[in-house]
Amino acid sequence: MLTFRNFNKYYGNHLVLSIPELQIPAGNHWIKGQNGSGKTTLFRVLGGLIPYQGNILLNQSINLQAQPLLHRRHINLGEAAPLYPGFLTGTELINLFAQARKAPADQATTLIKYFNTNYLHQPVRTYSSGMLKKLSLILAFIGRPSLILLDEPLATLDTATVELVYNLIQEYNSKHQTSFLVTSHQDAQMSQLTLTATWLVQNQTLTQLSVS
Ligand SMILES: Nc1ncnc2c1ncn2[C@@H]1O[C@H](COP(=O)(O)OP(=O)(O)OP(=O)(O)O)[C@@H](O)[C@H]1O
């Protein structure tokens with residue numbers, strides 16, 4: 001699914017990640033790593049938010065940096081601490097994302113009901129952190145991407161909503177062959193997910209810890 005070749009990410013002179021050659025197959029992947037190891041940086045690179053050196057290919061064909069439009073159609077990013085303009089409502093953001101990603105009809109409505117979000121008519125600045133997280137998850141699941149990146153999706157969610165997130169990941173995986181990269185500091189909860197492999201970000205690189 002993802003191929004890294006001579007990949008390096010620096011902030012100024014500070015090397016944060018270096019992956020000379022790596023393949024990540026399709027499926028569900030859990031990315032672990034200590035605070036400051038580079039997980040969010042990796043996701044921001046894969047989400048097309050920050051530049052990098054080298055090549056990353058999706059499905060052997062889409063070069064993420066050279067084909068930004070295809071990239072955006074195929075990879076969705078749910079950020080750990082999303083920032084949205086506070087004056088927009090959740091509904092406005094969802095409509096915008098659904099239109100931009102050519103989402104299937106009724107997908108947004110189904111997701112809104114699924115996450116029981118009855119507050120989306122209010123501006124984003126009035127949301128609690130859990131309410132904001134649910135909105136960011138709806139936005140991450142909108143469209144039909146090949147890959148969804150979820151950075152700390154479980155943080156600030158109540159137990160019932162965590163369960164909903166797992167079930168939706170499994171559903172997208174089996175029905176639409178969507179792959180997932182998920183970071184979490186919550187080991188016990190991640191074990192509920194059927195994982196293809198677990199990875200560790202450490203010493204400025206990404207290594208595979210285990211395969212299911
Ligand atoms: N915009 C930035 N400019 C400069 N350095 C940055 C920037 N963002 C992150 N870093 C540095 O890159 C390294 C990796 O940070 P990153 O946020 O990717 O880690 P993380 O694994 O997601 O951490 P956490 O688990 O605490 O969220 C850290 O040393 C951090 O200081």
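Student: Which residue takes a positive phi just after H6?
Tutor: Gln177 does, at about 55°. As to the label, helices (H or I, at least four residues) and strands (E, at least two) are DSSP runs, numbered from the N terminus. Residues are numbered from 1 along each chain as its sequence is written. The model is predicted, and local features need pLDDT of at least 70, side-chain atom pairs count only at pLDDT 80 or more, while totals for chains, interfaces and linings use all residues.

Student: How should I regard a positive phi?
Tutor: Most residues other than glycine have a negative phi. In this model, Gln60 has a positive phi of about 65° although it is not a glycine, and Asn116 has one of about 50°, again without being a glycine.

Student: Where are Gln60 and Asn116 placed?
Tutor: Gln60 is in the loop between strand S4 (53-58) and strand S5 (62-63). Asn116 is in the loop between H4 and H5.

Student: Are Gln60 and Asn116 buried or exposed?
Tutor: The general idea is a count: a residue is buried if 20 or more other C-beta atoms lie within 10 Å of its own, exposed if 12 or fewer, and partly exposed in between, with C-beta atoms placed from the backbone. Gln60 counts as exposed because it has 9 C-beta neighbours inside 10 Å. Asn116 has 11 such neighbours inside 10 Å, so Asn116 counts as exposed. Lys102, in the loop between H3 and H4, has 10 C-beta neighbours inside 10 Å and therefore counts as exposed.

Student: How is the length of a helix checked?
Tutor: The expected span is 1.5 Å times one less than the number of residues in the helix. Helix H6 (residues 159-176) has 18 residues and reaches 26 Å from its first C-alpha to its last, close to the 26 Å expected. For H5, with 13 residues, the span should be 18 Å, and its end C-alpha atoms are 18 Å apart, which agrees.

Student: Which residues of H6 are buried?
Tutor: Val165, Leu168 and Ile169 are buried. Seen down the axis of H6, its buried residues fall within an arc of 100° (the arc of the directions from the helix axis to the C-beta atoms), so they line one face of the helix. The face turned away from that buried side carries the exposed residues Thr159, Ala160, Ser174 and Lys175.

Student: What covers the buried residues of H6?
Tutor: The cover includes S3, helix H5 (129-141) and strand S8 (179-183). In turn, the buried residues of H5 pack against strand S6 (75-78), helix H3 (90-100), helix H4 (107-114), strand S7 (147-151) and H6. Among the buried residues of H5 are Lys133, Lys134, Ile138 and Phe141.

Student: How many residues does the largest nonpolar core have?
Tutor: A nonpolar core is a set of buried Ala, Val, Leu, Ile, Met, Phe, Trp, Tyr and Cys residues joined through C-beta atoms within 7 Å. The largest here has 45 residues, and those with the most contacts inside it are Ile94, Ile138, Phe141, Ile142 and Leu149. The largest share of this core, 6 residues, comes from H5.

Student: With which residues is Ile94 in contact?
Tutor: Two residues are in contact if their C-beta atoms, placed from the backbone, lie within 7 Å. Leaving aside neighbours within four places in sequence, Ile94 is in contact with Ala108, Leu120, Ile138, Leu139 and Ile142. Under that exclusion, Lys32, found in strand S3 (residues 28-32), is in contact with Thr198, Trp199 and Leu200.

Student: Which residues are around the ligand?
Tutor: A residue is near a molecule if its C-beta atom, placed from the backbone, lies within 6 Å of it. The residues around the ligand are Tyr11, Val16, Gly33, Asn35, Gly36, Ser37, Gly38, Lys39, Thr40 and Thr41. Helix H1 (residues 39-46) gives the most to this shell, with 3 residues.
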